[in-house]
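Take a look at the model below. We will walk through it step by step, from the whole chain to single side chains.

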Amino acid sequence: MLDIQLLRTQISFVAERLATRGVTLDTAVFEALEAERKQLQTQTQDLQARRNTLSKQVGILKGKGEDASAILTEVAGLGDALKAGEAALAELMPRFDFFLAGIPNLPHESVPVGKDETGNVEVLRWGTPKTIANPQDHVDLGVALGGLDFETAVKIAGSRFAVMKGPIARLHRALAQFMLDMHTDKHGYTEVHVPYLVNKDSMFGTGQLPKFEEDLFRVPHGEDGHLYLIPTAEVPVTNIVRGEIVDAATLPLKFVAHTPCFRSEAGSYGRDTRGMIRQHQFDKVELVQMVHPEQSWQALEELTGHAEAVLQALELPYRKMALCSGDMGFSAAKTYDLDVWLPAQNAYREISSCSNFEAFQARRMQARFRNEKNKTELLHTINGSGLAVGRTLVAVLENYQNADGSITVPAVLRPWMGGLTTISAA
RNA sequence: GGAGAGGUGGCAGAGUGGUCGAAUGUACCUGACUCGAAAUCAGGCGUAGGUGCAAGCCUACCGUGGGUUCGAAUCCCACCCUCUCCGCCA
């Protein structure tokens with residue numbers, strides 16, 4: 001959520017910045033809502049103030065045993081106007097809030113301007129793709145090794161799910177454990193295990209709601225309520241600080257969590273239908289930081305580096321992209337994507353996305369700290385994948401394939417693989 | 001799922017219809033004393049919003065949402081959550 005003061009005082013600036021995202025801010029609608037709000041709110045508050053004073057006088061008079069009927073008559077006359085004002089406000093404010101909650105974050109000034117992914121800018125490229133003659137993709141490799149089974153997954157659940165078996169299932173687990181251990185041991189993150197089902201307030205806090213409900217899985221729960229399956233650990237982990245006032249001395253807070261992620265993938269029916277690239281359920285190791293506002297830009301660079309460290313340790317070639325204004329997510333002020341090399345696709349594909357949200361999420365969830373002047377101030381939040389486990393498995397299978405269809409286990413993963421060096425057909 | 005207890009400021013904890021946004025303690029901030037600290041003393045100290053150049057003034061908030069009333073932390077209804085015991089359960 002943007003700072004309402006910014007909208008009130010610099011709406012043309014806000015509209016200009018949003019335009020670089022391809023978003024048109026309807027300033028006329030905002031100004032109309034704001035004018036109506038101001039009128040109704042001041043008028044209603046004046047009436048409430050009058051009622052409160054009169055009611056106090058009633059109390060005083062009755063305490064003295066005097067007659068209060070004149071005042072009671074006057075206050076009774078306030079009733080209808082007050083009720084009307086309160087009702088009008090109650091009707092207006094949800095509309096106003098919905099309008100505000102639907103405005104995306106402003107891109108940081110360093111974000112390249114562009115309208116879609118073609119406008120993204122390559123920041124660096126690491127590693128050199130190995131020359132692999134006639135590379136097979138992860139589906140052919142995994143199925144031939146008996147470790148990937150999409151047909152059984154369809155029977156059990158449907159399309160966009162996978163069943164993993166044997167050493168490939170273990171490799172998947174090894175990747176997650178390797179990542180968790182690296183981030184906790186070397187990068188100073190605290191491991192957290194969090195709920196996979198969350199409430200509406202949590203989804204609102206990180207920005208999935210109210211605009212992107214169709215991307216989520218919803219689970220009925222209780223009388224007529226429901227919970228949502230998390231689309232990323234960002235949601236439960238960031239919401240750890242929702243409604244909290246943390247001590248500045250504890251900053252930065254750095255959390256890492258390994259969770260499954262659930263996405264309905266509505267609106268992407270034709271894309272990446274083969275294999276494990278785009279699933280309804282996938283595992284991800286997520287990095288989340290809550291930091292002092294002055295530290296957030298440095299923290300974004302560091303956090304992105306932590307994700308890169310995983311790719312480097314696995315010796316997977318990748319490139320780092322600065323997303324352009326038109327390709328960034330709703331809540332982000334700036335995003336770096338890390339794209340890993342996939343030989344069979346002869347292309348780089350997204351494996352991590354690291355963003356600084358500045359105070360956008362913190363404002364939605366009132367996540368604050370007490371600053372040097374003992375005043376509360378909004379935190380900045382940063383998060384990124386470190387990494388998407390399913391896609392990392394895909395990258396390892398494809399980049400470490402041998403001519404005979406076997407897979408060499410990357411050296412750094414062997415401690416989690418019982419020392420296994422090669423995955424071959426049984 | 002059943003029975004009971006309870007949800008009040010950063011924390012603890014009073015308050016059962018009328019200057020109660022809320023006693024008191026504690027934490028924290030400022031000042032005094034001190035070489036410094038501790039202890040002590042004095043003052044300050046919730047959140048969100050509105051309005052004003054400002055000092056300030058005003059509104060809302062005592063788990064959430066309704067209701068009763070001139071007036072609700074306090075009374076009524078519904079719901080949510082926490083704790084204890086019982087049941088069930090990985």
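Of the 426 residues in chain A, 50% count as buried. Buried means under 20% relative accessible area, exposed means over 50%, and partly exposed lies in between, with a 1.4 Å probe and protein chains only. This is a predicted model, in which local features need pLDDT of at least 70, side-chain atom pairs count only at pLDDT 80 or more, and totals for chains, interfaces and linings use all residues. Residues are numbered from 1 along each chain as its sequence is written, chains are lettered from A and ligands numbered from 1 in the order in which they are written, and side-chain values use heavy atoms, with hydrogens and water left out.

Begin with the overall outline. The C-alpha atoms of chain A fill a box of roughly 100 × 45 × 45 Å, taken along the principal axes. The chain has twelve helices and 18 strands. Helices (H or I, at least four residues) and strands (E, at least two) are DSSP runs, numbered from the N terminus.

Now turn to the strands. Eight of them form an open sheet in the order β1-β11-β12-β13-β16-β10-β9-β4, with mixed pairing. Its edge strands are β1 and β4 (190-191), and each pairs on one side only. Two strands pair if DSSP finds at least two bridges between them.

Follow part of this sheet. Strand β11 (318-322) pairs with β12 (334-342) in the antiparallel sense, over five bridges. Here Met 321 stands opposite Asp 337 of β12. On to the next pair: β12 and β13 (347-358) run antiparallel and are joined by nine bridges. Lys 334 faces Asn 356 in β13 as its opposite residue. These two strands, β12 and β13, form a hairpin with four residues between them. In the turn, Asn 346 has a positive phi of about 50°. β13 also pairs with β16 (380-388), antiparallel and over four bridges. Glu 358 stands opposite Thr 381 in β16. In a regular strand, side chains alternate between the two faces of the sheet.

Other strands pair too. β5 (197-198) and β7 (225-229) are antiparallel, with two bridges. The bridge partner of Val 198 is Tyr 228 in β7. β7 also runs antiparallel to β6 (218-221), and four bridges join them. Val 219 stands opposite Leu 227 in β7.

Some contacts can be named. A polar side-chain atom of Arg 51 lies 3.3 Å from a phosphate oxygen of RNA strand B. Gln 45 instead has a polar side-chain atom 3.4 Å from a base nitrogen. The elements that give two or more residues to this surface are α1 (4-9), α3 (27-64) and α4 (69-101). The largest share, 14 residues, comes from α3.

Now find the second largest pocket. About 270 Å³ of space lies in it. It has 16 lining residues, and the closest to its centre are Leu 2, Leu 6, Asn 105, Leu 106 and Glu 358. The elements that give two or more residues to this lining are α2 (11-19) and α11 (360-365). On a 1 Å grid over the protein atoms alone, a cavity is a set of points where a 1.4 Å probe fits but cannot get out, while a pocket is an open set with protein on both sides within 12 Å along at least five of seven lines; lining residues have an atom within 4 Å of a point. Grid points are joined across faces, edges and corners, and a volume is the space filled by probe spheres set on the points.

Finish with two loop residues. Lys 130 sits in the loop between β1 (121-126) and α5 (138-144). Is Lys 130 buried or exposed? Lys 130 counts as exposed because its relative accessibility is 52%. Its side chain reaches the backbone oxygen of Asn 399 at 3.2 Å. Arg 278 lies in the loop between β9 (253-262) and β10 (281-291). Arg 278 counts as buried because its relative accessibility is 13%. A polar contact of 3.4 Å joins the side chains of Arg 278 and Glu 265. A polar contact is a pair of N or O atoms within 3.5 Å; within protein, one must be able to donate a hydrogen and the other to accept it, and residues adjacent in sequence count only if both atoms are side-chain atoms.
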